Amino acid sequence: MKAGPVSVGETLSRARRQQKMSIDDVAVDTRIRATLIRAIEADDYSSCGGLVYARGHIRSIARVVGIDPEPLIEEFDRANHVETMPVVLAPPETDPEAVALAERHRPNWAMAMGAALVLICVLAVVGFVTRGGSGGNSPSRTTAQFGNHPSPPAGSPSPNASQRPNGGQVAQLPPTRATMLVRAIRGETWLRITAKSTGQVLYEGTLVQGAHKLVSNKQPLEFTIGNAPAVDLVVNGHDIGAPPSVGNVSNGQIAPGDTNIEHA
């Protein structure tokens, strides 16, 4: 009698045993509960919290046990009749400013960074001319600081390319807001962003490769990124690249005005 096709859960279970790993070992590496891993190996996804999270868990477990997750994701989608994973946007009653910022403007980040660099050069020249015309050493009221690069003193040459901020530093954002930009540049990822003090979901969904999501809020932000190596993260104007992760999952929070991530 011919055996039937091996399920996603059975494939993960076999790969784990071949790696001589226990369920607890996988739980430590992926930060997924052992009971949930056991259920997934039994093809029970009812506790995953939805198809988006189930796909993220399958991807994380597959990488830890050393197999390619993509065929498993395809099989999972076929078994669950998934054609295109839906992107769930934040409801209208969430922070109106965050929704307006993320959905109305949808900025092109490369263009925004280019504009910021042009603005830095213009303001540096304006500050130099203003100070030179005043004949004194007092700073001009028209100068502005971006990142940690102060304007040059009077009489010094205008800034050259080596003195300009690098790509990881852009114009300072309001210190009273927490802002994060997630760019899926190396693959697909699932993403969840909430307001820390209220637990309000500001965004939950899947970013396909090439897509991005920008969220800004007056409260600290908490986030979970399911496939952290696939994304670049910009925190309050500071490009940190791919965020640190455990088993490809990154959990953390961002405070207003802070350019560092506090890991959960």
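Me: Before we start, what do buried, exposed and partly exposed mean here?
Reply: Buried means under 20% relative accessible area, exposed means over 50%, and partly exposed is in between. Keep in mind that this is a predicted model.

Me: OK, so where does Arg186 fall, buried, exposed or partly exposed?
Reply: Arg186 has 44% relative accessibility, so it counts as partly exposed.

Me: And what does its side chain pair up with?
Reply: The side chain of Arg186 meets that of Asp232 in a salt bridge, 3.1 Å from N to O. Arg186 sits in the loop between β2 and β3, while Asp232 is in strand β7, 46 residues apart. Asp232 counts as buried, because its relative accessibility is 15%.

Me: How many salt bridges are there in the whole structure?
Reply: A search finds 11. One of them joins Glu188 and Arg55, with the closest N and O atoms 3.0 Å apart. Glu188 is in the loop between β2 and β3 and Arg55 is in helix α4, so this pair ties together parts 133 residues apart in sequence.

Me: Which residues are in a network with those two?
Reply: Arg55 and Glu188 are linked with Arg59, Glu70 and Asp77 in a network of salt bridges.

Me: Switching topic: how do α1 and α5 pack?
Reply: Their angle is about 155° and their axes are 10 Å apart. That makes α1 roughly antiparallel to α5. Val8, Thr11 and Leu12 of α1 make the contact with Leu72, Glu75 and Phe76 of α5.

Me: What about the largest nonpolar core, how many residues has it got?
Reply: That core has 22 residues, and Val8, Leu12 and Ile37 are among those with the most contacts inside it.

Methods. Residues numbered from 1 in each chain as written. Predicted model: local features only at pLDDT ≥ 70, side-chain atom pairs only at ≥ 80, totals over all residues. Heavy atoms only, no water. Core = buried A, V, L, I, M, F, W, Y, C linked by side-chain atoms within 4.5 Å. Buried < 20%, exposed > 50% of the residue type's maximum accessible area, 1.4 Å probe, protein only. Axes fitted to C-alpha atoms, helices over the stretch in contact; angles between N-to-C directions. Helix = DSSP H or I, 4+ residues; strand = E, 2+ residues; numbered from the N terminus. Parallel < 35°, antiparallel > 145°, perpendicular 65-115°, else oblique. Contact = heavy atoms within 4.5 Å. Salt bridge = Lys/Arg side-chain N within 4 Å of Asp/Glu carboxyl O.
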